[in-house]
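Here is a brief report on one protein model. It covers charge pairs, surface patches, helices and backbone geometry.

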Amino acid sequence: MSFKETVDRIKNLKVQGAEDVAREAVKSLKDVVNKSKSRNISGILADLYHAKNILFLTRPTEPCMRNSLNYVMHDLDYDDPVELAKVVCLKVDEVLERFDKNQRIIAQIGSKKIGNGTVVFTHCHSSTILEILKEAKKQGKKFEVHNTETRPLYQGRVTAREIAKLGIPVTHFIDAAARFALKKADLMLIGADAITTEGKVINKIGSELYAEIANRFDIPVYACTDSWKFDTETVFGYEEEIEKRKAKEIWKNPPKGVTINNFAFEKVSPGLITGIISELGIYKPHVFMQEVRVNNRWMFRKHLF
Ligand code: RUB
């Protein structure tokens with residue numbers, strides 16, 4: 001797929017979910033480096049940086065994409081253009097393999113929270129949650145899932161379809177019925193798009209509302225995520241931007257005088273989160289952040305920003 005096609009697919013939400021967005025974005029760097037018309041290192045690097053900046057703007061609330069691109073682009077200190085292209089492609093493959101490996105680890109850890117008879121509540125569509133459910137099913141556990149439709153774009157339908165395909169019983173609720181869905185649940189599992197330095201987890205709009213309800217019913221809330229969702233820029237004062245999408249996703253022709261607010265995500269306060277399940281283990285948000293720092297020192301080099 002060409003770089004331009006990738007940018008369009010991410011912008012037009014043909015690809016969704018933080019990790020899939022990051023995967024596609026990072027893969028497109030291969031296209032950039034292989035098709036670069038520049039003959040020297042500085043020209044190729046300029047093409048790569050230009051591509052990175054375009055990708056950054058496709059979806060503002062996606063630090064996993066930013067971290068993945070930064071990983072490929074850091075320490076590209078080569079004299080030979082052929083060698084540079086080779087290293088970029090190798091690093092892209094490394095990032096993709098890392099995502100696969102980490103999802104398997106998160107699935108192993110997360111599936112331990114699911115037992116026979118557990119009712120899991122989830123919202124939106126997260127590839128990470130799907131891997132956890134798949135793993136629990138593979139282990140022979142008999143459990144069911146409650147999920148919400150996730151207006152306005154109905155990613156919850158994608159989730160329900162995939163869960164049903166796995167042979168796991170799933171009951172689908174409209175968003176406003178989430179209290180009913182949660183009342184009978186034992187566990188709330190959500191994905192994450194971003195985690196800030198204050199330990200806030202940013203996920204699909206509705207996530208904090210449902211976490212508040214879960215807390216009221218004493219239902220544990222776990223955010224399940226690759227550690228690369230951590231937004232290092234928040235350490236240096238940047239306020240994670242919440243993506244605001246087009247009004248027409250909610251209402252095509254609203255009457256004059258009606259303002260529509262279409263925030264795609266919301267911040268879940270750390271106090272509502274029982275734990276963050278990542279490839280590093282299960283930690284409270286503030287401990288998670290320390291673990292991310294220790295395990296990903298390259299991420300915190302200020303020159304990347
Ligand atoms: C998707 C969403 C998902 C996270 C995590 O929102 O909120 O829960 O991205 O997904 P959108 P994953 O559909 O707007 O991208 O676990 O696959 O990274």
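## Salt bridges

In this predicted model, a search of the whole structure turns up 18 salt bridges. One of them joins E243 to R59, with the closest N and O atoms 2.9 Å apart. This pair ties together distant parts of the chain, 184 residues apart. E243 sits in the loop between β7 and β8, and R59 in the loop between α3 (41-58) and α4. Both E243 and R59 are buried.

E249 and R245 also meet through their side chains, at 2.8 Å from N to O. R245 is buried, since its relative accessible area is 17% and the cut-off for buried is under 20%. A network of salt bridges links E19, D20, R23 and D100.

## A pair within helix α6

E131 and K134 form a salt bridge between their side chains (3.1 Å, N to O). Both residues belong to helix α6 (residues 127-138). They are three residues apart, about one turn of the helix.

E131 counts as partly exposed, at 24% relative accessibility. K134 is partly exposed too, at 38%.

## Charged patches

Positive charge gathers on the surface at R179, K183, K184 and R216. K184 lies in the loop between α8 (178-183) and β4 (187-190). Its relative accessible area is 64%, so K184 is exposed; the cut-off is over 50%.

Negative charge gathers in a surface patch at D77, D79, D80 and E83. E83 is part of helix α5 (residues 81-111). E83 is partly exposed, at 33% relative accessibility.

W251 is placed in the loop between β7 (221-224) and β8 (265-268). W251 has a relative accessible area of 42%, so it is partly exposed.

How does the length of α2 compare with what its residue count predicts? Helix α2 covers residues 18-35, which is 18 residues. At 1.5 Å a residue, the helix should span 26 Å. Its end C-alpha atoms are 26 Å apart, so the two values agree. Of the 18 residues of α2, 13 are buried, so the helix is largely enclosed by the rest of the structure.

Helix α7 (residues 155-165) contains V158. V158 is partly exposed, with a relative accessible area of 31%. V158 and H125 are 33 residues apart in sequence, but 6.8 Å apart in space, C-alpha to C-alpha.

## Backbone geometry

Which peptide bond is cis? The bond from R151 to P152 is, with omega near 5°. P152 lies in the loop between β2 (144-148) and α7.

L13 is not a glycine, yet its phi is positive, about 60°. L13 falls in the loop between α1 (3-11) and α2. L13 is buried, at a relative accessible area of 12%. D75 is not a glycine either, and has a positive phi of about 55°. D75 lies in the loop between α4 (63-73) and α5. D75 is partly exposed, with a relative accessible area of 48%.

Key: Residues numbered from 1 in each chain as written. Predicted model: local features only at pLDDT ≥ 70, side-chain atom pairs only at ≥ 80, totals over all residues. Heavy atoms only, no water. Patch = residues over 30% accessible without salt bridge, like charges linked within 9 Å, V, L, I, M, F, W, Y side chains within 5 Å. Areas by Shrake-Rupley, 256 points an atom, 1.4 Å probe, with all protein chains shown as cover. Salt bridge = Lys/Arg side-chain N within 4 Å of Asp/Glu carboxyl O. Lys, Arg positive; Asp, Glu negative; His and termini not counted. Charge placed at Lys NZ, Arg CZ, Asp CG, Glu CD. Helix = DSSP H or I, 4+ residues; strand = E, 2+ residues; numbered from the N terminus. Buried < 20%, exposed > 50% of the residue type's maximum accessible area, 1.4 Å probe, protein only. Expected span 1.5 Å × (residues − 1).
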